[in-house]
Amino acid sequence: MDTIEKSKVDEIEDTGVKEPVFMPEDSATIDRENRATVGEVFVDNPRMSCRDVNVHYGENHAIHDVNLDIGCNEVIAMIGPSGCGKSTFLRCLNRMNDTIEGCKVSGSIIMDGEEINSKKIDVVPLRAQVSMVFQKPNPFPKSIYENVAFGPRIHGLANNKVELDEIVVTSLEKAGLWNEVKDRLDKPGTGLSGGQQQRLCIARTIAVGPEVILMDEPCSALDPIATARIEDLIDELRTQFTICIVTHSMQQAARVSQRTAYFHLGDLIEVGDTTKIFTNPKHQLTEDYITGRFG
Amino acid sequence: MQQPTEGHTVIRYDGELNRLHLMMLEMGSLVLDQVHTSLKALKTEDLVATRLVLDREHKVDELEIRADDEIVSLIARRGPVARDLRVIMAFSKSITDLERIGDEAARIARIIEEMYETERSHPSGQLMRDVHSMGTLVTNMLRRALGIIDGLDADDAVEMAREQGILDAEFRSSMRRLTTFVLEDARNVGHAIYITLIIKALERIGDHSRNLAEYVVYLMSGEDIRHSLNTPDPTDSPYYNDGPDSQGKQM
């Protein structure tokens, strides 16, 4: 800058024109070596609160001190490279890890004021309350009707056939499948297309009246049209349920979720508003992963 | 330090972003030369130079279209997020501003042609003084902005954005002096109108140059600093009229 310009700057500063509020160091990216969680871990009135969750598979320490609140009626996406612990963490939320030999979960996961890892908690009603949709559609080898009716029947949610019919119809409607299957409810569920099978599994999940739905890569075996229908469904279901979705598709995470959590080698690296994560992540590892510079 | 356009697992993606960056720099150097040539034409009364500026205007437009095609293609194929998304957004906006700088340079060339073709006498050195000083200021601003884009230098970009008042102050004082010349001698009015139009075009170029710096801040940090300065007090304007007898606060 030449002398004339310098004098002008002084003159302007003297006249009281305010400087920009921004300084570049305000938004410095967190270094790769820093593994403390960045972002909004806590929410008001959480549906589930996870504190210092650690998971060991034998000697392997798979998840390290994860703290995360899951809000009511939100879709939270969990992303990260393979082996980062996102599916393991998801399975902690309804104690699915209990079925894995050598798996030890420590820390606290509170739902409705109760510790779900407590020995006095019965996992059967817990898994109805926090139910799961898996990567590959897995309908029972039964009729479409029986696939949906099975859960309510074993949980004793219907007193008679009329009530059970109502649950089946409502669940299929909520899963966006009713119009496609209403005339063939007695046909096998395995005879449906992949996308329809996955929606049948969602209807089966809804039928037992869950509060939280866990989805572990629910669209990875589906074509783009079936994926779009599931994503549309997720958006509708959000008004009634809390949804945690694990996905390898970052575009899907960006499309369906309100909050996103990024896991890396067992650490929860960053969690925050999805739009912010996908436009201006604070942690270098998050940025490296979502921009395709890592893994 | 790694460039923000580099480091992707898909190396071709790096190449595509770097190509866009180079395209923008090429466009930047062309519009800088357009501005420089227009101002030189004004100083030396060189109508060949103004013709060169007008002939090259379509090249700026072509570069804009090529860069826009590249941006649409990148968005469609790569689905950019985070810094990549900011790079593409910032480059896209920069290209629009560069094209407008090119338009202003061409506007100045047309005004010069008209001025020297229609006016019998040439403008006095006193009248031209402000055009030359503002031209130097604006050319320096544009050159600095292009350096910032080239090196993606966020610190200098913030510094440049902070200096918003320099251009405004220069524009205001130029307008005050021009008004005084016209009031002193009404025969100056013809030239004064042309010079006012040129000064206004230069002021626009300076504004677009500052925008370029602001986009680099957004690209590097994700912070949108546009309009982060307080809106200037309207009574500071030389055109502010607070009553029927007033000739403007500053005049």
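Trainee: Over the ring of which residue does the charged end of Arg204(A) sit?

Mentor: Please bear in mind that this is a predicted model. The charged end of Arg204(A) lies 4.2 Å from the centre of the ring in question. That ring belongs to Phe140(A).

Trainee: Which strands of chain A stand at the edges of the sheet?

Mentor: The open sheet consists of seven strands in the order E1-E11-E10-E4-E9-E8-E7 (chain A), and its pairing is mixed. An edge strand has a single partner strand, so one of its sides is left without a neighbour in the sheet. In chain A this applies to strands E1 (38-39) and E7 (130-133).

Trainee: What is the bridge partner of Ile213(A) in E9(A)?

Mentor: Strand E8 (residues 212-216) of chain A runs parallel to strand E9 (residues 242-246) of chain A, and five bridges join them. In E9(A), the partner of Ile213(A) is Ile243(A).

Trainee: Helix H7 of chain A packs on the sheet; what angle does its direction make with that of E7(A)?

Mentor: Helix H7 (residues 194-207) of chain A touches both E7 and E8 of chain A. Its direction and that of E7(A) make an angle of about 170 degrees.

Trainee: Is Asn94(A) buried or exposed?

Mentor: Asn94(A) is placed in the loop between H2 and E5 of chain A. Beyond its neighbours within four places in sequence, Asn94(A) is in contact with several residues, including Leu126(A), Val130(A) and Leu214(A). Its relative accessible area is 1%, and the limit for burial is under 20%, so Asn94(A) is buried.

Trainee: What is the phi of Arg95(A)?

Mentor: Arg95(A) is found in the loop between helix H2 (86-92) and strand E5 (103-111) of chain A. With a relative accessible area of 12%, Arg95(A) is buried. Its phi is positive although the residue is not glycine, with a value near 55 degrees.

Trainee: Is Glu45(B) buried, partly exposed or exposed?

Mentor: Glu45(B) has its place in the loop between helix H1 (11-44) and helix H2 (47-78) of chain B. Its phi is near 55 degrees, a positive value in a residue other than glycine. The relative accessibility of Glu45(B) is 37%, which lies between the limits of 20% and 50%, so Glu45(B) counts as partly exposed.

Trainee: How far apart in space are Ala128(A) and Thr205(A), C-alpha to C-alpha?

Mentor: Ala128(A) lies in helix H3 (residues 123-129) of chain A and counts as buried at 9% relative accessibility. Not counting residues up to four places away in sequence, Ala128(A) touches His155(A), Val208(A), Gly209(A) and Pro210(A). Ala128(A) and Thr205(A) are 77 residues apart in sequence, and in space their C-alpha atoms are separated by 7.8 Å.

Trainee: What relative accessible area does Gln284(A) have?

Mentor: Gln284(A) is in helix H11 (residues 284-290) of chain A. Leaving aside neighbours within four places in sequence, Gln284(A) is in contact with Thr29(A), Ile30(A), Asp31(A) and Arg32(A). Gln284(A) is buried, with a relative accessible area of 18%.

Trainee: How far does helix H6 of chain B reach from its first C-alpha to its last?

Mentor: Helix H6 (residues 164-184) of chain B has 21 residues. Among its buried residues are Ile166(B), Leu167(B), Phe171(B) and Phe181(B).

Definitions and conventions
Residues are numbered from 1 along each chain as its sequence is written. Chains are lettered from A and ligands numbered from 1 in the order in which they are written. This is a predicted model: local features need pLDDT of at least 70, side-chain atom pairs count only at pLDDT 80 or more; totals for chains, interfaces and linings use all residues. Side-chain values use heavy atoms; hydrogens and water are left out. Two strands pair if DSSP finds at least two bridges between them. Helices (H or I, at least four residues) and strands (E, at least two) are DSSP runs, numbered from the N terminus. Contact means heavy atoms within 4.5 Å. Axes are lines fitted to C-alpha atoms, for helices over the stretch in contact, and angles run from 0 to 180 degrees between N-to-C directions. The expected span of a helix is 1.5 Å times one less than its number of residues. Buried means under 20% relative accessible area, exposed over 50%, partly exposed in between (1.4 Å probe, protein chains only). A charge sits over a ring if NZ of Lys or CZ of Arg is within 6 Å of the ring centre and within 35 degrees of the ring normal.
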